[in-house]
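Dear colleague,

Please find below the structure that I am handing over to you. A short account of the findings follows it.

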Amino acid sequence: MTEPTDVEFRPLTIPASMDASDADEFREFTRVRNEVYREIAGTDDDALTPEELLPHYQPSPEEIRYVWVAVVDGEIVGRVSVDLPLEEGSRAAFWLIELLRAHQGRGIGTAGYRLIEEKAREHGRTVLQSWTQHPDAPGPRLDPPTGFGSIPEDRAARFYLRNGYTLEQIERESALDLEASAPDVARLLAAAEAKATGYRVVQWQLPTPAEHVAAYAWMKSRMSTDTPAGALEFDEEVWDAERVARHDRKTLDGGRTMLVTAAQHVATGELVAFNELVIGHDPAAASHQEDTLVLREHRGHKLGQLVKCAGLTVWRRDIAPRSPKVITYNAEENRPMLDINEAIGFVPVAYNGAWKKVLE
């Protein structure tokens, strides 16, 4: 493919705040980001305001993030980004390329991808991984080695294949109608409470209370090792009180609200399962269910069902009564969590491919 001559990749200007004099580029960057997702999915479910997005672009001791804007004729038409985790011995780099539809197919993505491999090699990273949505379409399909799910061999898939990537996993995006699901949530909560003898529900909104910081940090660290990942590579994350505080600040500084629902083992006082629900500044927007985990040694007591349903009950009643739906993501082979989600009323709305390349 001929390289485009009219595109410029320049590092994104990241302001200290959205009131800063240099914030205009970040505001336009966010608008283009949201438009790209709208073009792909046909909804604004993943839209963020610049204020919500900015905390995630501030310097972090957990990773190095490189971001470039793709500029054509003075206008931002997309973004290129690569994240380099700073866990000891990390080999991984996580990246994305997103372009407005009108500028696809001109070689901009290929030119931007060179920046990604250059930064990965510069930092000694050899495992490159990326996710993208693959809207359903007729024609040939690709199956991951997990044996769960498939995606069409679309334009995005051909880009990955052309650059030496293999499809490793399918991720399901699901949506829940909060109003229609209320009776099922109540029924399933009662069933989980009856099964989960010896456990009780503990809930808080961020910031995390001091008495729960250590347990929450431990559970968050387990998210990096205890969830289905196929052949994808994730570093074992180290979470402590400082990392929890940074996590909380990213949410709160962006004006977002998060509810954490945990299951506590009564005999030991240990927190052994958790679920997160979050919403932005717009109370009528979609909510998102983020991390959910049950520690391995406490599985088999319906604790996943307990924390999900207890969280959804309080969320709909007290925190986000105007939010119409909840969006969540799960590996397609994660049947224990998908079984719970499907029983609650979550339905599939999209599928993402998880792609991997190992550099020589």
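With which side chain does the side chain of arginine 79 make a polar contact of 3.0 Å? The partner is the side chain of tyrosine 37. A polar contact here is a pair of N or O atoms within 3.5 Å; within protein, one atom must be able to donate a hydrogen and the other to accept it, and residues adjacent in sequence count only if both atoms are side-chain atoms.

Before the remaining findings, a note on the source. This is a predicted model, in which local features need pLDDT of at least 70 and side-chain atom pairs count only at pLDDT 80 or more, while totals for chains, interfaces and linings use all residues. Residues are numbered from 1 along each chain as its sequence is written, and side-chain values use heavy atoms, with hydrogens and water left out.

Arginine 79 belongs to strand β3, residues 75–85. Helices (H or I, at least four residues) and strands (E, at least two) are DSSP runs numbered from the N terminus. Leaving aside residues up to four places away in sequence, arginine 79 is in contact with Phe29, Arg33, Tyr37, Tyr57, Trp68, Leu96, Ile97 and Glu98, where contact means heavy atoms within 4.5 Å.

The largest nonpolar core contains 47 residues. Such a core is a set of buried Ala, Val, Leu, Ile, Met, Phe, Trp, Tyr and Cys residues joined through side-chain atoms within 4.5 Å. Trp204, Phe274, Leu303, Leu312 and Ile344 have the most contacts inside this core. Elements that each supply at least two of its residues include β9 (199–205), β11 (271–279) and α8 (303–319); α8 gives the most, with 8 residues. Tryptophan 204 touches Pro209, His212, Tyr216, Met258, Leu259, Val260, Ala262 and Leu271, again not counting residues up to four places away in sequence. A second, separate core has 21 residues, among them Leu84, Ile116, Ile151 and Ala157.

For the chain as a whole, there are 9 helices and 14 strands. Buried residues account for 52% of its 360 residues. Of the contacts between residues at least 6 apart in sequence, 70% join residues at least 24 apart. The C-alpha trace spans about 65 × 50 × 40 Å along its principal axes.

Yours sincerely

Key. Buried means under 20% relative accessible area, exposed over 50%, partly exposed in between (1.4 Å probe, protein chains only).
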